Amino acid sequence: MNPDLDLSLDRVIRAPRKRVWDAWTDPASLARWWIPEPLRCRVDELDVRAGGAFVTRMSEDGDTFVPHLDACFLVVEDYERIVFTNALDSGWRPATPQPVAMTAEVVLRDHPDGTDYRVVVRHGDPAARERHADLGFADGWGTVTAQLARVAESGS
């Protein structure tokens, strides 16, 4: 990790790695945690494989959904690692996403209490990293990670 370019989050989720993985790779489960509540998420595409599409929408009222993420998976190592970027959209076209371009790496490892969950979000320059931090990376990713933990820990 490069502290000038990257932001990170580490947490132990009290659930087996398979449950955390399933929460990431099942569209219905992902929709339950991917966007901070009270916003709602709709998963349009979740093709969890290298080159696969990752497209979500969000809604304040549950009726009108607007674009949230149009990305693609770069690396998928079952039950261990997911890497995706919004610098390429779901059709592999170069993108200029708002509010910031990023590549996120999610790593899952066994932990005596469940799953060691680590995320590193990489940015192209220090200004993009700072912008993401100022926009609330810690709160936003922290909130959705807590929501992910609830889904994985509940087992449903």
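Which residue forms a salt bridge with Glu37? Glu37 pairs with Arg150, and the closest N and O atoms are 3.3 Å apart. This is a predicted model, in which local features need pLDDT of at least 70 and side-chain atom pairs count only at pLDDT 80 or more, while totals for chains, interfaces and linings use all residues. Residues are numbered from 1 along each chain as its sequence is written, and side-chain values use heavy atoms, with hydrogens and water left out. The structure holds 13 salt bridges and 13 aromatic pairs. Helices (H or I, at least four residues) and strands (E, at least two) are DSSP runs numbered from the N terminus.

**Salt bridges**

- A salt bridge is defined here as a side-chain nitrogen of Lys or Arg within 4 Å of a carboxyl oxygen of Asp or Glu.
- The bridge between Glu37 and Arg150 links distant parts of the chain, with Glu37 in the loop between H2 and E2 and Arg150 in helix H4, 113 residues apart.
- For accessibility, buried means under 20% relative accessible area, exposed over 50%, and partly exposed in between (1.4 Å probe, protein chains only).
- Asp10 and Arg118 meet through their side chains in a salt bridge of 3.4 Å, N to O.
- Asp10 belongs to strand E1 (residues 6–13) and Arg118 to strand E7 (residues 114–122), so this pair ties together parts that are 108 residues apart in sequence.
- Arg118 has a relative accessibility of 39% and therefore counts as partly exposed.
- A salt bridge of 3.9 Å, N to O, joins the side chains of Asp113 and Arg14.
- That pair also links distant parts of the chain, 99 residues apart: Asp113 is in the loop between strand E6 (103–111) and E7, and Arg14 is in the loop between E1 and helix H1 (17–25).
- Asp113 is partly exposed at 40% relative accessibility, whereas Arg14 is exposed at 56%.
- From Arg81 to Gly155 the separation is 74 residues in sequence and 20 Å in space, C-alpha to C-alpha.

**Aromatic contacts**

- Rings of Phe, Tyr and Trp (its six-membered ring) pair if their centres lie within 6.5 Å; planes under 30 degrees apart count as stacked, over 60 as edge-to-face and the rest as tilted.
- The structure has 13 such pairs.
- In one of them, the ring centres of Trp34 and Phe84 are 6.1 Å apart and the planes stand at 70°, so the pair is edge-to-face.
- Trp34 sits in the loop between helix H2 (27–33) and strand E2 (40–46) and Phe84 in strand E5 (residues 81–85), so the contact ties together parts that are 50 residues apart in sequence.
- Trp34 and Phe84 are both buried.
- One aromatic cluster is formed by Trp24, Trp33, Trp34, Phe54, Phe73, Phe84, Phe137 and Trp141.
- Arg42 lies over the face of Phe65, 5.0 Å from the ring centre; the rule asks for NZ of Lys or CZ of Arg within 6 Å of the ring centre and within 35 degrees of the ring normal.

**Largest pocket**

- The largest pocket holds about 660 Å³ of space.
- On a 1 Å grid over the protein atoms alone, a pocket is an open set of points where a 1.4 Å probe fits, with protein on both sides within 12 Å along at least five of seven lines; lining residues have an atom within 4 Å of a point.
- The lining has 24 residues, and the closest to the pocket centre are His68, Pro99, Met102, His132 and Trp141.
- Strand E4 (66–77) and helix H4 (137–154) are the elements that give two or more residues to the lining.
- The lining divides into 16 nonpolar, 6 polar and 2 charged residues.
- Here Ala, Val, Leu, Ile, Met, Phe, Trp, Tyr, Cys and Pro count as nonpolar, Asp, Glu, Lys and Arg as charged, and the others, Gly among them, as polar.

**Backbone**

- Most residues other than glycine have a negative phi, and most peptide bonds are trans.
- Glu37 and Pro38 are joined by a cis peptide bond with omega about 10°, and Pro38 is in the loop between H2 and E2.
- A cis peptide bond also joins Gln98 and Pro99, with omega about 10°; Pro99 is in the loop between E5 and E6.
- Tyr79, in the loop between E4 and E5, has a positive phi near 65° and is partly exposed at 34% relative accessibility.
- Trp92, in the loop between E5 and E6, has a positive phi of about 70° and is exposed, with a relative accessible area of 54%.

Definitions and conventions
Grid points are joined across faces, edges and corners, and a volume is the space filled by probe spheres set on the points.
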